[in-house]
Amino acid sequence: PPEGGSDWSHKCVCDDERERERKLPGVDYWNPRAGDFKPNLCGAKAWTTDSFDVTKHPKMGWHDLSVVMSGVEVVSDVSRHFIQRWLHHRADMMKTDKTIPPLIPYTEGVVNASGGPHLSCQGIIRKAEEGSGKGLAFSNCSKCVAQVLRSSGRWSLGVKCERSVYNCMLRLIENSEKLIYIENQYFVAGFGTTGDDFDEENVRNAGEGDVRGDDRMSPGKSSDDGLVLNGIGLALFARISRAVLSGETFKVIVVMPHLAWEHNPVQSTILHCQNEAIRELLERLGDLFPEVADWGSYISFYNLRAWGHLPDKGYVMEEIYLHDKLMIVDDRTVLLGSANVNDRSLLGTRDSEVAVLLHDADTVRTRMDGEEWEAGRFAHTLRCRLWREHLGLTEEGGGSGKGLKPDVVEDPVGLGFETWRFVATANRKIYESCFPSMYRSSYTTVSSVPGMSAGRSGWDASPASEDGGEGGGELRSVQGHLVAGATGFLAGQSLLPKVGQKAALMPLRMFV
């Protein structure tokens with residue numbers, strides 16, 4: 001039975017002195033917009049020294065998710081994956097360090113072959129059920145069918161390639177009925193292959209992959225140049241096209257961070273590729289179905305943002321960095337793990353990832369598009385919890401929701417979506433009104449962003465915050481943290497690395 005957890009603790013952009021005494025400098029008070037990662041974010045100084053002037057810059061909030069699971073089979077799968085990785089990398093490290101102990105699979109869990117303590121999966125579960133293990137007692141759980149998934153290759157695990165996270169994501173999109181809700185750190189959704197069995201190098205050499213669908217769904221610019229190989233964008237395009245043709249209600253809702261591109265050529269390159277992928281998806285849909293006036297009713301993008309007050313600066317704003325990798329489909333199935341929506345996480349031959357697919361065995365009666373709907377208890381509860389937090393319907397979300405009732409989020413494609421979209425749009429208008437530098441679709445080039453200009457080695461930026469007014473009256477009307485995305489932001493500007501930057505020496509596929 002899984003139990004979801006969220007990191008709600010760092011949403012306020014400004015700490016007062018009393019709060020600062022209770023928090024750790026350095027790693028806690030973090031903002032890459034105030035300057036890229038500093039050396040003192042690692043080592044002893046990270047616990048005692050701020051990496052920037054906290055009287056002039058707000059901190060960047062953080063949003064993440066985790067899940068606790070119990071059950072012999074799923075826990076054993078996770079432990080076996082860990083053992084396999086440990087032994088694979090131990091074999092290389094033994095050339096220089098022969099003291100690293102091996103781990104050997106055991107019938108009930110893991111045992112240290114060098115005589116260390118025996119970790120028993122059965123023992124952990126038994127203690128949890130009895131409530132005798134400190135911190136192991138589970139509450140408010142749901143029964144789910146669980147499957148552990150991963151992205152693994154020769155370098156990471158000693159296997160040819162496994163991309164079960166990617167294959168699962170494709171199937172979830174293809175078989176979705178009403179809703180795909182995504183929270184992800186990156187969204188470089190490509191129009192490459194959607195086949196299960198493809199070799200990355202062969203695809204690159206040929207310049208094309210095995211693509212499902214007719215000529216209208218053939219690979220576009222992101223796959224023609226061999227840069228983005230995954231087919232998540234193509235799968236979403238196909239599923240949304242089906243919805244348009246059949247006239248059915250269907251929503252894809254994506255929440256992601258607005259990357260700190262100003263001082264960081266790596267992040268700016270990722271933002272460039274991400275924006276290109278999103279715009280290509282929207283352009284393809286618009287070309288195929290010119291009669292659709294509002295694509296936001298099918299697919300929409302959002303960010304999280306907070307505001308606060310600095311005594312020496314006035315009212316300031318900053319984003320909440322969303323770091324989790326979550327997909328909830330039809331309020332019945334949850335995919336949660338470490339995999340981003342990009343080639344690095346999904347192709348299997350690059351970053352090593354692990355995830356879990358959770359399909360509810362417990363069901364609850366709710367509503368979907370105004371009709372009765374049998375949802376999964378865990379999936380539905382998790383999505384509603386997240387939506388209430390983003391909309392400000394919880395204490396962690398920033399307030400009482402200003403008249404909104406908590407149950408407004410129950411129907412994610414009906415009244416819940418209408419409320420979600422209305423709040424996100426209203427919040428964006430407030431931020432744009434109070435902060436001229438707030439990113440928006442009308443800012444198509446760097447020079448059009450107030451305080452920004454293109455320098456020889458990067459972007460010359462004004463301070464990360466600006467005065468949002470003395471009274472803050474309009475800002476107090478912000479509900480929660482949700483803001484509508486700006487898919488046209490810097491549409492006319494290349495954010496790729498410039499000659500002279502270290503990032504320009506790296507191949508572009510390292511960023512996607």
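Which residue lies over the face of W387, and at what distance from the ring centre? I looked it up: R383 does, at 4.7 Å from the ring centre. For this I counted a charge as over a ring if NZ of Lys or CZ of Arg is within 6 Å of the ring centre and within 35 degrees of the ring normal. I noted a second case, R239 over the face of F250, at 4.1 Å from the ring centre.

Note on the source. The model is predicted, so I kept in mind that local features need pLDDT of at least 70 and side-chain atom pairs count only at pLDDT 80 or more, while totals for chains, interfaces and linings use all residues. Residues are numbered from 1 along each chain as its sequence is written, and side-chain values use heavy atoms, with hydrogens and water left out.

Aromatic pairs. I found 13 aromatic pairs in the structure. Rings of Phe, Tyr and Trp (its six-membered ring) pair if their centres lie within 6.5 Å; planes under 30 degrees apart count as stacked, over 60 as edge-to-face and the rest as tilted. I looked at F187 and F301: the ring centres are 5.6 Å apart and the planes stand at 70 degrees, so this pair is edge-to-face. F187 is in the loop between β9 (179-183) and α6 (200-206), and F301 is in strand β11 (residues 299-310), 114 residues apart. Helices (H or I, at least four residues) and strands (E, at least two) are DSSP runs, numbered from the N terminus. F187 is buried at a relative accessible area of 1%, and F301 is buried at 7%. Buried means under 20% relative accessible area, exposed over 50%, partly exposed in between (1.4 Å probe, protein chains only).

I then checked Y302 and W420. Their ring centres are 5.6 Å apart with planes at 80 degrees, so this pair is edge-to-face. Y302 belongs to strand β11 and W420 to helix α12 (residues 415-434), 118 residues apart. Both Y302 and W420 are buried. Ring pairs also join Y302 and W420 with Y181 and W387 in a cluster.

Strand β14. I asked why this strand is largely enclosed by the rest of the structure. Four of the five residues of β14 (residues 333-337) are buried, so the strand is largely enclosed. β14 runs antiparallel to β13 (residues 325-329), with five bridges between them; two strands pair if DSSP finds at least two bridges between them. V334 is the bridge partner of I328. Three residues separate β13 and β14 in a hairpin, and D330 in the turn has a positive phi of about 55 degrees. Five bridges also join β14 to β15 (residues 353-360), again antiparallel. There I found L358 as the bridge partner of V334.
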